[in-house]
Amino acid sequence: MSAPPPSPPPQPPPPTLVQPAPRKPAPRRRLWWHQLIFGLWYRPVEVLDEARDRSAWSAAVMLSLLSGGIGVLSVDAFHTQWAVDHAAALKLLGLGEAGVLAASLALGSVAHAIARTLGGIGRFAPTASLFIVLFWVTDLPRMAIAAWLPTDATFVQAATWTTWGFGYVLAVLLIRGQHHLSTGKSAAAVSVQMLAALALLRLGPVR
């Protein structure tokens, strides 16, 4: 008895002109202010990854104005001026706010420029705005403490060094993620402005 003939191999399906629609990438969820500001404290790596390539100018401006206001209101010269002339005191407050805002923009711009010089490929708006945000987010606790205690108090000095160190680490992570640089180059990109900011916070008028 002969064996049955082998069955033919299965034929591929006939071609069709209807191609499946390409899958759209899932939209990135919106990163709200409170998620960005508070998230930098308890899950900084995840927040910086979510904020990659995003601008945060509104949060940066808000935090700069808030920090500038706290800094000016905690200076004795403002209270003295307020007791004499309210208009002059408000003008002093406005000048302080404008100065802090300009200084913040300069710090973010310098961080971006140095990172690009070292070979970074990040964009200006996300780098500068997020640098300003993390700078003031990490410094607000120190400013709140210094508003009630003498600036040369041990607790204030400890808060200054602790918050500055935490801000430095976050700045390195930010530059490394935004510009795809090594950790060493990222640290070099933020060292100058962070050291200048440390000297300003310890010795300057914004305390």
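Predicted model: local features only at pLDDT ≥ 70, side-chain atom pairs only at ≥ 80, totals over all residues.

**The aromatic rings and their surroundings**

Tutor: One aromatic cluster is made up of F131, F135 and W136. In total, the structure contains six aromatic pairs. A pair of aromatic rings is described by two quantities, the distance of the centres and the angle of the planes. For F135 and W136, the ring centres are 5.0 Å apart and the planes stand at 85°; an angle over 60 degrees counts as edge-to-face, so this pair is edge-to-face. F135 and W136 are both buried.

A second pair is formed by W164 and Y168, with 5.6 Å from centre to centre and 35° between the planes, and this pair is tilted. Why are W164 and Y168 separated by about one helical turn? The two residues are four residues apart in helix α7, which covers residues 154-179, and therefore about one turn of the helix separates them. W164 has a relative accessible area of 17%; since buried means under 20%, W164 is buried.

Under "transmembrane region", an unreviewed UniProt entry lists residues 56-75, 95-115, 127-149 and 155-175. In the model, the span of residues 155-175 is 100% helix and 0% strand, and its end C-alpha atoms lie 30 Å apart. For residues 95-115, the end C-alpha atoms also lie 30 Å apart, and that span is likewise 100% helix and 0% strand.

Helix α8, residues 183-203, includes S186. S186 has 0% relative accessibility and therefore counts as buried. Which residues is S186 in contact with, leaving aside its neighbours within four places in sequence? They are V172, I175, R176 and L181.

Elsewhere, the model contains pockets, and the largest pocket has a volume of about 210 Å³. Its lining comprises 12 residues, and those closest to the centre of the pocket are L31, W32, W33, S55 and A56. Two helices, α1 (33-42) and α3 (57-73), each supply at least two residues of this lining. By type, the residues of the lining divide into eight nonpolar, two polar and two charged.

Notes. Residues numbered from 1 in each chain as written. Heavy atoms only, no water. 1 Å grid on protein atoms, 1.4 Å probe; cavity = no way out; pocket = protein on both sides within 12 Å on 5 of 7 lines; lining within 4 Å. Points joined across faces, edges and corners; volume = space filled by probe spheres on them. Nonpolar A, V, L, I, M, F, W, Y, C, P; charged D, E, K, R; others polar. Phe/Tyr/Trp six-rings, centres within 6.5 Å; stacked < 30°, edge-to-face > 60°. Buried < 20%, exposed > 50% of the residue type's maximum accessible area, 1.4 Å probe, protein only. Contact = heavy atoms within 4.5 Å. UniProt positions renumbered as here; feature names shortened; annotations may be inferred.
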